[in-house]
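Biologist: Can you walk me through the labels on this one? I'd like to hear what stands behind each of them.

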Amino acid sequence: MQKAKILVTGGAGYIGSHASLVLLEAGYEVVVLDNLTNASQEALQRVEQIAGSSVTFIQGDIRDRACLDLLFSDHDIHAVIHFAGLKAVSESVTQPLSYYDTNVCGSLTLCRAMQAAGVCRLVFSSSATVYGPDAPVPYHESMPRGRTANPYGTSKSMVEQALEDLSQSDERWSVVLLRYFNPIGAHPSGLMGEDPQGVPNNLMPYIAQVAVGRREELTVFGNDYATADGTCVRDYLHVMDLSEGHAKALGRLSTPGLHIYNLGAGKGVSVLQMVEAFARISERPVPYHFAPRRDGDLAAFWADSQKAEQELGWQARRGLDEMIADTWRWQCRNPQGYSTDIHTKSQRTSKC
Ligand code: NAD
Ligand code: WQD
């Protein structure tokens, strides 16, 4: 039987590369479209190394309609998993037009090209940030989208709304919105992981770089929140669990309409708990100091992921220690991330 072909936009990035691996291992063919603005092609070579099968890589932009049309005419795509986008919250405040252009215009261009090609099955990377600051915890999919705190969050909310309207306007469409909580961790091989460019914005890669000696100490933003130890609480989930959630979500695309799922572990972990656990598992000190709160941070939120459990058969299976051990293995074996191999070119690459 012919394998179903999945287009993975942003498939060279952190989550997209892990998801591409899971898809290959589940028997799908994978076509990755990525413009490599925040990724290295080396990540895909590692995917192929682990999976023992190949990915078709197309270097191109989701905003490039001609590139998309060519892709859909060259490949018989069954469904699209759409990861491509910009994700740095603080950068979105200083460069809102870039964020709306890539995240919103890019997603709309992708949907137009899909519709023209008759490919109306889409899984979209959304975020817990769409619930907004006033939602009670745990967040549940039945809650409305709230006001957003930055252009990044607004861009996710806008695309969600557009996809909701699209799926109501045309019954051919089936769309799954996956609202991620805080993905961390790495593939257990130590060959793949998160490779942020420049100073990491997020907690986990920052801690990992402190533990490996690449940065001096962690700045903990705020110790006066109304939480048990005064630091912010988040719902961290393993990137492999998250990736498996995408494979399960593909099954939901056989039912037309809009389907929304939280993907989180359902447990809150504070910044200080994370620091303590990382130091224990890595057996390295993680020095830190307290600083004022970071603008826009919420004190605490976590997921109610029962809907994903009931309807997708998905649950986060890997615990915090495993998330940290896998991050640490990746960090130790690749202290500079993929960068040493950043100029490697694959023979299978085509360019739009
Ligand atoms: P990432 O930056 O590692 O991956 C995004 C990928 O998209 C990169 O490979 C980048 O090169 C590519 N890309 C960017 N603009 C593009 C364009 N115009 N055309 C083609 N490719 C483009 O980020 P990630 O952490 O893997 O996140 C993947 C998706 O999940 C994003 O949409 C992000 O907003 C969403 N998300 C991430 C998190 C998180 O904490 N990492 C949480 C919630 C949602
Ligand atoms: C976690 C906690 C920080 C760095 C962000 C986006 C969200 C989603 C996931 C994409 C917070 C604290 C962090 C540091 C710290 N992304 N922290 N020192 O803010 O929950 O979510 O990434 O969709 O939209 O907002 O994750 O990892 O940045 O922060 O003390 O150097 O760690 O204040 O409390 P966040 P994070």
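Biologist: What hand does the crossing of H7 and H11 have?

Modeller: The crossing of H7 and H11 is right-handed. A crossing gets that word if the near helix is turned clockwise from the far one by less than a right angle, and left-handed if anticlockwise. Before we go on, this is a predicted model, where local features need pLDDT of at least 70, side-chain atom pairs count only at pLDDT 80 or more, and totals for chains, interfaces and linings use all residues. Residues are numbered from 1 along each chain as its sequence is written, chains are lettered from A and ligands numbered from 1 in the order in which they are written, and side-chain values use heavy atoms, with hydrogens and water left out.

Biologist: What makes H7 oblique to H11?

Modeller: The axes of H7 (residues 203–211) and H11 (residues 320–333) come within 10 Å and cross at roughly 55°. Angles under 35 degrees count as roughly parallel, over 145 as roughly antiparallel, 65 to 115 as roughly perpendicular and the rest as oblique. So H7 is oblique to H11. The axes are lines fitted to C-alpha atoms, for helices over the stretch in contact, with angles from 0 to 180 degrees between N-to-C directions. The helices (H or I, at least four residues) and strands (E, at least two) are DSSP runs numbered from the N terminus.

Biologist: Which residues of H7 and H11 meet?

Modeller: Contact means heavy atoms within 4.5 Å. On that rule Met204, Ala208, Gln209 and Ala211 of H7 meet Met323, Ile324, Thr327, Trp328 and Gln331 of H11. The contact of H7 with H11 has 6 nonpolar, 3 polar and no charged residues. Ala, Val, Leu, Ile, Met, Phe, Trp, Tyr, Cys and Pro count as nonpolar, Asp, Glu, Lys and Arg as charged, and the others, Gly among them, as polar.

Biologist: Why is H5 called roughly parallel to H6?

Modeller: H5 (residues 96–117) and H6 (residues 151–169) pack at an angle of about 20°, with their axes 9 Å apart. That angle makes H5 roughly parallel to H6. H5 passes H6 in a right-handed crossing, and the residues of their contact divide into 13 nonpolar, 5 polar and no charged.

Biologist: And what makes H1 roughly parallel to H2?

Modeller: The axes of H1 (residues 14–25) and H2 come within 10 Å and cross at roughly 25°. That makes H1 roughly parallel to H2. Residues in this contact include Leu21 and Leu24 of H1 and Val47 and Ile50 of H2.

Biologist: How many cavities of 30 Å³ or more are there?

Modeller: The count comes to 2. On a 1 Å grid over the protein atoms alone, a cavity is a set of points where a 1.4 Å probe fits but cannot get out, and lining residues have an atom within 4 Å of a point. The largest cavity has a volume of about 130 Å³, a volume being the space filled by probe spheres set on the points. Of its 18 lining residues, Glu194, Pro205, Thr327, Trp330 and Gln331 lie nearest the centre. H7 gives the largest share of that lining, 4 residues.

Biologist: What is the phi of leucine 36?

Modeller: Leucine 36 has a positive phi of about 65°, although it is not a glycine. Most residues other than glycine have a negative phi, and most peptide bonds are trans. Valine 137 and proline 138 are joined by a cis bond, with omega about -5°.

Conventions. On a 1 Å grid over the protein atoms alone, a cavity is a set of points where a 1.4 Å probe fits but cannot get out, and a pocket is an open set with protein on both sides within 12 Å along at least five of seven lines; lining residues have an atom within 4 Å of a point.
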